[in-house]
Every structure is written in C-alpha cells, then in structure tokens.
Amino acid sequence: MGRATALCGRSARIVSFLSAVPCLSGCTLQPAAERRMSDQGKGSTSTPAGAPAPGSDTYKGWLFKWTNYLKGYQRRWFVLSNGLLSYYRTQAEMAHTCRGTINLATAHIDTEDACNIVLSSGGRTYHLKASTEVERQRWVTALELAKAKAIRMMNDQSDDSGDEEPTTQSDRSEGIQGTLKTLISKLDDLSTCNDLIAKHGAALQRSLSELEALRVPIEGGEKIKGVNERATLFRITSNAMINACRDFLDLAEIHSRRWQRALQYEREQRIHLEETIEQLAKQHNSLERAWREAPTLSAHTPSAPTTEKGGSERLQKGEASDEDEDTEYFDAMEDSPAFITVTATENTQHRRSQSNLSGASGGPANDWSQDNVSPGCNESGKSLQPLRRRRSRIPDKPNYSLNLWSIMKNCIGKELSKIPMPVNFNEPLSMLQRLTEDLEYHELLDRAARCDNSLEQLCLVAAFSVSSYSTTVHRTAKPFNPLLGETYELDRLEEFGYRSLCEQVSHHPPAAAHHVVSQRGWTLWQEITIASKFRGKYLSIMPLGAIHLEFHSTGNHYVWRKVTSTVHNIIVGKLWIDQSGDIEIVNHRTKETCQLKFSPYSYFSREVPRKVTGVVSDSEGRAHYILSGTWDDKIESSKIVQSTKGGSGSEGKQKTVYQTLSPKLLWKKYPLPENAENMYFFSSLALTLNEPEDGVGLTDSRLRPDQRLMEEGKWDEANSEKQRLEEKQRAVRRRREAEATDALDEGREYEGYQPQWFHKRTNGITGETNFVYKGGYWEAKDSQDWSMCSEIF
C-alpha cells in the first residue's frame, strides 16, 4: 500500500505537469483544462458579438487607453485592420473621425503585467489595458499576427524598382541551402517529437484515469505497472523533445548572428555605393548642363538645335541621305507610348546615341505660338492686355534656419495630435491656390477651343496637362492645408476670359473641388484627393480623381488623371521633385486617345531628365501625332506621315517605325521672374495668387491670417496664428461629432457637413461620384452677399 500511495502521488505530479503542457491540455479532460476553458468563456464576454478571431485581417473591441494623469485610463473602441491599429471614442466615430493610428510594422509590442499592453512606434506610445487576462492575450495574439503580416507586406513592397534585390553568388547560395536543409530537418524532428508526446500523454492520462477508478487491490498492481511503463515512455520522449529543441535553438542562434553580420556589411556597402553614385550623377548633370548652356559649344555641336538652313548645309557636307530634311523617324514600342527618335539629317547621331526630339528639335524654338498647328487653331487676334497691373514680387523669404530644438521646445506638454507643423516647411500659398496654378498656360485651351481638327485639339490638351507640372521643379516647400470650407477664387474674366473657383469639400480625407469656366469656349472641373506614401528616403504623392475638360462648340469631352509626384531626399540631402507614371487622355465623344509617359529620373539613364513622350491615336488605334519634350521646359508635336513595322527590340517586342515631319513647338515654359530664388521660386502667376483683392468671399485663402503673416516674413506670428486656426477647426469638428453621436443615439439621420458651393453628383461618363459646382458664387459676389459663409478664420 505504501508503494501504491507513492505511485499515486507521483501520478498526481504527472497530472499537474500535463496540465501545464499546451499541446496536451486540449487532449485531456483534467480539471485544470476545464478551468482554463471556463476562464476563456468568461473573458469572451468583453469582446463584442461577431468580432473576428485574432488571426483574421480585422479585429475590433474595447480597451482602456491611458490619456493623462487627471483622467487616467479611458475606455476606447480599437480597430485592428491592414497592419494599422486605430482607436475611436465610440463606435459611431468610425464613420467620420479617427483619434489616432499606429503602424504595427514599425511598432514594439510589450506586456507589463497581467492586463497591460504597451505599443510604441517612433515617438508615439499607447498604454492599453484589457479587462481580463484572456482578453489581453487575444489582443496580443492579434497584434503579433498583424505585425508579422505588415512586416511581410512592407518587405514585399519596399522597393518597386527591384534595385535592392541582392546579387546571388554560388558559394553563398550553397551555404544558405545547406543551412536551410539542416533547419528543416530539425523542425521535422521537433514535429515528430510533438506528435509522440501528444500520443503518449493521452495514453498516460487514460491510464491515470483508470487508476483512480480502481477498487480491487489485485488489479491495482497490473494497472500501476502499465502506468509506470507509459510514464517511462513519456519521459524518454520528452527528453528527446528537449534535446531536439536545444539543438535547433543553438543552430539558429549561431547562423542568426552570422547572417546579421553579413546583412549589416551588405547594407553598409550598399549605402556607400549609393552615395558614390549620387555624387557622380550630380557631377555628370552639372557638366551636361554647362555643356548645353555654353553658346560657343552649341554653335559647333551637331546635336544642337539649328534652323532648317543650317541643317541643309550640314547635310551637304555630311553623309548622303535618302529622305527629305523635314522628315524624322520615331522608333516606338507598339504597345507603349515611349519611343526613340532619330533625325534623318544627322545619321551619325543615330549610330552614336538614340536621342529625343526635345534635345534635337528641328522646329523653331523661339516662337511657340505660330505655325504649330493647322490654321483653324489660330486667329489673328491677340489676347487682351491685362486691365489691371498685377504685382510682380513679394517680400523676400526670410533666412531663418530650421532649428529642431525650437520646434521641440514649443511642443513640450502638448498632445501629439495638437502639435502644429511650423510654417518653416511651407510656402505662402494654400493647396487651393496651387491647384489654381494649373491655369498658368490657359491659352493652350483657348487655342484648342478654336481647333477644327479634334486630333490637333487633343495635342494641345496633352500639352496643357504637362504644363501644370512645370511650376513644381523647384517648389519643394509644402502649401498650407486648407481649412474645411475654405475657398479660393481667381477672377480673370476681363483679362483672359475665365473664372476659377476652388473649395475644400472634405477634411478627412482632404479633398478639393475646382471649377473653371471660360468665355473662350471651354469648361474645366476636377476633384482632387491627395494620397501619400512615405518610403524612407522619398515621399510619393498620388493625386486621386479625374480632370474633366469640355469644349462648348464641339462637345468634345476630355478626361485624364494626374501622375505620381515624388519628393526625394526627405531625411538627408537637398530636396528635389520628380514626376513619373502614365497619363491617358480620352476624348469620350470621338474615342480618340493620347498616351503620355513621364519617365522617372535614373542615375544610369542616358535619356534627357524629366522626359515626356506620347502618341496621339484615333478611335481605331492608328497613331497620328508623336509628342515629345520635358515636363519642365517644352512639348513638341510631330505629324506622322508613314509607319512601318520594324524589328524586335531588346525586350523581344516588335517595334513600329514612325516617319514624321519636323516637330512643331506646342508649349514652352515661361522664364521665372527676376529674384525668384528668394521668392519661393514662384512663377509670374503664383506671385499674384495671394495678392489682396476686394469683394472676395469671407472664406477666401487671401484672407487667411497665418498665410498672410508668413508672406510678410512674420513667421513667429504666423506659427501662433496657424495654431489658433487649427484649434478652432478641431473645436468645430468636436461639435459636429457630438451632434452625430446624439443623432445616432436618437435614431435619426445626421447629414453632416455639406460644402457651400459644390454638391455630389454621379458623372455619366466615368461613373464616379464627385463634387461639382452647383452655382451661386459669382452671383453672391456681384451682390456682395456672403451671409451664407461660415466664419472659419
């Protein structure tokens, strides 16, 4: 009996050991497992009904968040989705206001005690508390899974161009493959041991249960012997499991340190190589610009722009040519608007390099408004001279150094959401005024409205779409974010025949609506929402929304979208901007299209920087015009007279050779005003956008005080005023949120904020729902009745 008692005591210890093993707890019916399942059932009551499991893409629930020492922990509604953890005061706020968001891809997850969770990313830290230990464990599991998934997605999308893809070497590849095979073998051993432990543990539990049910002493001896045998098997399997785990961990730690050292070395080498290449690229660009701008060199260089007479003289002295001097060839990919140009007047250049029309134009470059399109697109009358003298300069930009400590000092004691960005990063214009700057070359649309040929009209519309980027080449400062309800008008009716109106129609996400009507035969409207992605070294800005242009006489309706703008050297170095992507301009009446390609800048490319190429095609897909140039200088068009199929290119695709006439200049950028480098590199139009005017609406950007103070050089006062305006806007937003919550509690519908001059309508062509002008602004200006305007400043 003493031995049996000892064995029963040992069996009880085995039972307690089994209850602590996760892989066995689910297989047994012991009291400890039952208690744990009961606890989970209790904890599940804090999760709302229908909430997804922690492993799904979305997880929602209530948590307590630390706010401050006065209020302590406050109950908040948290939503985990797509690697982002966001929180709201109530579930009703999910429709309109997010209180804060943290990216789990860069966050550190820490658990202090039984119910606390600490999330930190950069300078942002969330102290969270769950109601129970079970609820905390569910959130921790969901956060860890979401973090791992976000890190995988970030690694997959971190470099779209594939420049960071490592070069594989045979010896490293063999070593990695061998290590992976060893790790896989160890994992198989662990899996086998885990199955055996589960099997023997279940058998041991059954034997122990039978032992407890015994009453006859004679049968007890046999049963106890069987328990001893199963316990011995379980101990041997457990020891093997522990040894396999130890071997796997040792091997993983050894190779992990080795791989970390190798990865760090490769990163340092890559950074050093990037810095070297960047320096070489800058030197190359400076030398290339100096060579192009030198008048003595360009006069004797074959690739410099020349007149037709000079071209014929070179042809007589050079090699013989089978084509007329006005004929050029465009070697184009059949399924891409990108193409290579070769001039027939300089065959040696074809063998030496494949250049672009914008670098070897045979057309006249000094007068871009004559002989560019058919006579139907031009009229003898000139544009009306301005009736009012506009300003041509603004106060010089103060030479204030950006002191990071002074910015941080002003942020001490403030909530992160209430810390204003200083005006040091801004320029004294709002985003609505920057949007209006697209009209700087409105005369292109005036000429297009007089065109009888829809294809030539499409060429001018394409040139207008490119011209809107010409002002961005030096403009690296950020415009002011408009307040909700802020407007901006540009009334040039007496001078140039058009009126423009912009309004900030949404704050989250920020969206602006724009409407322009011209007495010279065209109307333009758009709604633009800005989306951005920060990639570490650069910031990608993606304007979302379509631009519509309609000509009154023909009914031609053109639609296109903007390309991606990229701001480089965000962290270190001099900021510079590039434009990249494709634009498709479609005439929805005739089905004619123009495909434009903005080539991204590359250190290794021999192409002209900021290059733009395009093909204008009819409704059947036949190409009629070739467009070429740069988005910061000029755009030319060349009429296609013949196209033939060529050989296969480097990518194995068949090319089409376009034979064209000499290029005609459609658009050329105006030179910047004198002293522009000290006036934020503003163009002539930009200098007049913030000029005070009488009779504008009470919400006009010209009346915004912080922007006006910055233009006058009073940056400290501008920062204070900017903070006041932003706090006022937050107070209005909190009032609307309270009204929305009350309406939800009472079961009635809450309309929310509605813009003053625009309303939502569904476009019959694109099928999109966006804001369009509903009228009334210019009538209100004529009567000077602004009683309907909100007091936002």
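Here are some numbered notes on the structure above.

1. A word on the ground rules. This is a predicted model, where local features need pLDDT of at least 70 and side-chain atom pairs count only at pLDDT 80 or more, while totals for chains, interfaces and linings use all residues. Residues are numbered from 1 along each chain as its sequence is written, and side-chain values use heavy atoms, with hydrogens and water left out.

2. Overall make-up. The chain has 18 helices and 28 strands (DSSP runs numbered from the N terminus: H or I of at least four residues for helices, E of at least two for strands). Of its 793 residues, 42% are buried; here buried means under 20% relative accessible area, exposed over 50%, and partly exposed in between, with a 1.4 Å probe and protein chains only. Among the contacts with a separation of 6 or more, 58% are between residues 24 or more positions apart (a contact is heavy atoms within 4.5 Å).

3. Surface. One nonpolar surface patch, about 490 Å², is made by F534, I570, I571, V572 and L575. Patches take residues with over 30% relative accessible area and no salt bridge, joining like charges within 9 Å and nonpolar side chains (Val, Leu, Ile, Met, Phe, Trp, Tyr) within 5 Å. F534 belongs to strand 15 (residues 522-534) and is exposed, at 52% relative accessibility.

4. Cysteines. Don't go looking for disulfides: the search of the whole structure finds zero (the cut-off is a pair of cysteine sulfur atoms within 2.5 Å).

5. Salt bridges. There are 40 of them in the structure, each a side-chain nitrogen of Lys or Arg within 4 Å of a carboxyl oxygen of Asp or Glu. Take K781 and D491, whose side chains meet at 3.3 Å, N to O. That pair links distant parts of the chain, with K781 in helix 18 (residues 777-783) and D491 in strand 12 (residues 487-492), 290 residues apart. K781 is buried at 14% relative accessibility, and D491 is buried too, at 17%.

6. Two more pairs. E737 and R733 form a salt bridge with their closest N and O atoms 3.6 Å apart. They are separated by about one helical turn because they sit four residues apart in helix 17 (residues 715-746). E737 is buried at 4% relative accessibility, whereas R733 is partly exposed at 26%. E636 and K634 form another salt bridge, at 3.8 Å between the closest N and O atoms, and both residues are buried.

7. R390, R492, E495, E693, D700 and R702 are linked in a network of salt bridges. R702 turns up again with R708, whose side chain reaches the backbone oxygen of R702 at 2.9 Å. R708 sits in helix 16 (residues 705-711) and is buried, with a relative accessible area of 15%. Leaving aside neighbours within four places in sequence, R708 is in contact with R391, N690, E691, P692 and R702.

8. A buried loop residue. T471 is in the loop between helix 13 (454-467) and strand 11 (478-480). Its relative accessible area is 12%, so T471 counts as buried. Apart from neighbours within four places in sequence, T471 is in contact with E437, E440 and S683.

9. Most residues other than glycine have a negative phi, and most peptide bonds are trans. A cis peptide bond joins H508 and P509, with omega about -5 degrees; P509 is in the loop between strand 13 (498-506) and strand 14 (511-518). F681, not a glycine, has a positive phi of about 60 degrees. F681 is in the loop between strand 26 (664-668) and helix 15 (684-689) and is partly exposed at 29% relative accessibility. Q784 also has a positive phi, near 55 degrees; Q784 lies in the segment after helix 18 and is partly exposed at 44%.

Definitions and conventions:
A polar contact is a pair of N or O atoms within 3.5 Å; within protein, one must be able to donate a hydrogen and the other to accept it, and residues adjacent in sequence count only if both atoms are side-chain atoms. Accessible areas come from the Shrake-Rupley method with a 1.4 Å probe; for residues, only the protein chains shown count as cover.
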